[in-house]
Amino acid sequence: MAIFQEILEGLKRTTSGKPFNNAAALARACGVESNLITRWMSGQRVPRLDRLGPVLDTIGVQITFPDVPPSRLLSTSSQLFDVKLAETLAAAADLFTDNLEELAHRVYGSRDDLGRLELLLSGTQRITAEECFKICEALGVDPGKAMERACKLSRMDTNKDTSKDQNVA
């Protein structure tokens with residue numbers, strides 16, 4: 001299957017319930033016109049790379065080349081911190097709310113942004129500082145404590161990787 005067709009199929013899957021209820025919800029999360037994604041999926045328009053990139057970033061698509069080993073995908077400490085922050089906030093959400101739709105409403109002012117919240121809490125999409133503070137506020141969690149925990153978890157993972165490398169050598 002050609003890459004373009006794969007992207008279109010992926011967009012259709014992404015906008016058919018989880019993580020986004022429809023193309024308009026995905027467009028809002030990406031900051032593009034609401035009908036743009038619908039036009040792409042229907043074949044009315046061909047996506048330009050400068051418009052497609054932010055959409056693929058939002059849904060967590062990673063393009064890798066054959067010469068890049070999979071271990072490099074999460075190689076930087078900032079990426080590891082982002083994942084640990086998402087895990088921390090997801091754990092807090094599990095503890096303090098039974099309804100992610102309601103949490104999305106408290107964070108974004110709309111239940112339509114549930115897909116965006118799910119991407120953030122899964123670690124698929126990077127959490128901005130503003131979103132981190134809004135999520136923490138909606139959950140009644142101290143953002144500083146959430147970030148401290150994410151730092152601690154990142155260091156623990158980094159130390160595990162370092163000790164594995166030393167054991168192999």
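A salt bridge here is a side-chain nitrogen of Lys or Arg within 4 Å of a carboxyl oxygen of Asp or Glu. The model is predicted, so to be clear on the rules: local features need pLDDT of at least 70, side-chain atom pairs count only at pLDDT 80 or more, and totals for chains, interfaces and linings use all residues. Residues are numbered from 1 along each chain as its sequence is written, and side-chain values use heavy atoms, with hydrogens and water left out.

The structure holds ten salt bridges. One of them joins the side chains of E102 and R111, at 2.4 Å, N to O. Salt bridges with shared partners tie E101, E102 and R111 into one network. E102 is partly exposed at 25% relative accessibility, and R111 is partly exposed at 37%. On terms: buried means under 20% relative accessible area, exposed over 50%, and partly exposed in between, with a 1.4 Å probe and protein chains only.

Next, D82 and R126, whose side chains meet in a salt bridge at 2.9 Å, N to O. D82 is in helix 5, residues 77-96, and R126 is in the loop between helix 7 and helix 8, 44 residues apart. Helices are DSSP runs of H or I, at least four residues, numbered from the N terminus. D82 is buried at 16%, whereas R126 is exposed at 52%.

In that loop between helix 7 (114-122) and helix 8 (129-139) there is also Q125. Is Q125 buried or exposed? Q125 counts as buried, at 13% relative accessibility. Leaving out residues up to four places away in sequence, Q125 touches D57, T58, I59, G60, R116, L119 and L120, where contact means heavy atoms within 4.5 Å.

Conventions
Helices (H or I, at least four residues) and strands (E, at least two) are DSSP runs, numbered from the N terminus.
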